[in-house]
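Hi,

Here is the structure I said I would pass on. Have a look at it first, and then read my notes below.

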Amino acid sequence: MRKQWRCLRLLAAGMLTVFLARSPFAVMAETDGSPDTVVSITYENLEALLTAGNLDLKEKNDTYLSNKENYQKMLQELRDEQDYMKFLAEQSDDDSEEKAVYRANAAILGSSAERISKQIERLNNRTNTNSYQENIDSYLVTAQTRMISYHQMMLNAAAKEKSAQAAERSWQEMVKRQTAGMATADEVLKAADTYSEQKNLMVSYQRQAAEARRQLLTFLGISDTDSVTIAAVPEPDLAAIDAIDFEEDCRKAIGSSSSVQSARHANAGTTAEIARKFQTVETAEGSAQAEITDDYQQLLAERKNYAAAQDAFQSALLNYQALQRKRQAGMLDQEAWLTGEAEYLQAVADYGTASMALVQALEDYRWAVKGVAGGGMR
C-alpha cells in the first residue's frame, strides 16, 4: 500500500500543488533574516519548532498563574474553532460530504481541547509550577491538531476545485445543448446550481485551510512566507497499533491520571475519611479506565475506517488509470475526463482524511496513557 500511496503522489503532482512530499524535510532555522530561507514544518519536528519559536514556552520562569492563563487561552481558541466547525456542519445539508468534513474537524479540535482541559485540571490539583515537558506536551497537542486540520482542508479543497471545474464544464455543455434545443432551462439551471455549490465548497475549504495554516505558523512563531512549507502528516503507524497492550496501557493510564493521583494522596485520618477516600479513589480509577477504553475503542473504529478508505482508494486509482489510458487513446471527452478526475481526487481526500483521523486517534490514545485524556465530539 505504501508503494501505491507514493504512486498516488506522483500521479496527483501534475494536477495539484497541495500534495507535498511525505519524506521528512530538514528544518533550517532562519539565521540570516533572508526571505528566501527555507523553513519546512514536519509532523515529527513540531516539538523542536515549538521550543524554538513559541514565546510562551521560551519563558522558562513562567509562574503557575501565567501557565494557567496560557492553557486557558489555548483552550478557548480550540473551543472557538470547534464551535465554528460545528456551525459550518449545521449549515450543511444532511449526509453531505462537507458536513462530514466539518464534523470530523470539530471532533479533532474537541479532542485536543479536552486534553488541554486535563492539563488545566492538573494545574488545579498541584501547588507547584507544571514541569517544562508537560508544558511542551500541551502545546504539542494544539500544534498537531492544527497541522492535521490544515491538511484535511487542503485535500478537500483540491478535490472540490476539480469538482468545480467538472461542474463548470457540464454547465457549459448544458448551455450548448439548450441552444441546440436538446436541453431545458431547468436542466441548465440545475447544472449552474451544481457548479455554484462545488465552487462555494472549494472556497470554503480553501479559507479554512488558510486559517489553519495561519494559526499553526503563529503558534510556532514562524512568519508566513512563500518559503515556508508544511510537509504532509505521516501515514499511521499500523505496527504500533497492532503492538498495543491495552491491559498494560490501562494500568499506566490509571496511574497517570491527575484525578487518581489527587485522590490517592488525599489526607484521611478518621474511619469515615478513609472510607470516603477509598470511594473517591475507586471512582477516579473507574473514570480513568473509562476514558482510556473510550480512546481505544475510537482507535479501533478509525482503523476500520482507514482500511475501508484504502480499499476505496485502490478502486478509484484503478478507475483513474483506466481513464488516463482512454484519454491518451482519444476515447474520452473533456467533460468525462474532468468528472473522472474529480471522483478520483475525492477518493484521495477521503483516504487522506481517514489516514489523518487514524493518526489523531493514535495520538489521543497515547496522550490518554500519559493521563492527558481526549474525547472530542464523538
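This is a predicted model: local features need pLDDT of at least 70, side-chain atom pairs count only at pLDDT 80 or more; totals for chains, interfaces and linings use all residues.

The cut-off for buried is under 20% relative accessible area, and Ser40 has 4% relative accessibility, so it counts as buried. You will find Ser40 in strand β1, which covers residues 39–41. Its side chain makes a polar contact with the side chain of Thr229, at 3.1 Å.

Now the overall picture. The chain has 12 helices and 2 strands, and along the sequence they come in the order α-β-α-α-α-α-α-α-β-α-α-α-α-α. Of its 378 residues, 46% are buried. If you take contacts between residues at least 6 apart in sequence, 81% of them join residues at least 24 apart. The chain exposes about 19,100 Å², with carbon and sulfur atoms supplying 50% of that area.

Next, the inside. The largest nonpolar core has 84 residues, and among those with the most contacts inside it are Ile41, Leu46, Leu220 and Tyr344. Helix α12 (residues 334–369) gives the most to this core, namely 17 residues. As for Ile41, leaving aside neighbours within four places in sequence, its contacts include Leu46, Met147, Leu220, Ile222, Thr229 and Ile230.

Helix α12 is worth a look of its own. At the start of α12, a side-chain oxygen of Asp333 comes to within 3.3 Å of the backbone nitrogen of Glu335. After the helix comes Gly371, with a positive phi near 100°.

With 1% relative accessibility, Gln152 counts as buried. The side chain of Gln152 reaches the backbone oxygen of Thr353 at 3.5 Å. Leaving aside neighbours within four places in sequence, Gln152 is in contact with Asn105, Ile108, Thr353, Met356 and Ala357.

That's what I have so far.

Cheers

Technical notes. Residues are numbered from 1 along each chain as its sequence is written. Side-chain values use heavy atoms; hydrogens and water are left out. Helices (H or I, at least four residues) and strands (E, at least two) are DSSP runs, numbered from the N terminus. Buried means under 20% relative accessible area, exposed over 50%, partly exposed in between (1.4 Å probe, protein chains only). Contact means heavy atoms within 4.5 Å. Accessible areas come from the Shrake-Rupley method with a 1.4 Å probe; for residues, only the protein chains shown count as cover. A polar contact is a pair of N or O atoms within 3.5 Å; within protein, one must be able to donate a hydrogen and the other to accept it, and residues adjacent in sequence count only if both atoms are side-chain atoms. A nonpolar core is a set of buried Ala, Val, Leu, Ile, Met, Phe, Trp, Tyr and Cys residues joined through side-chain atoms within 4.5 Å.
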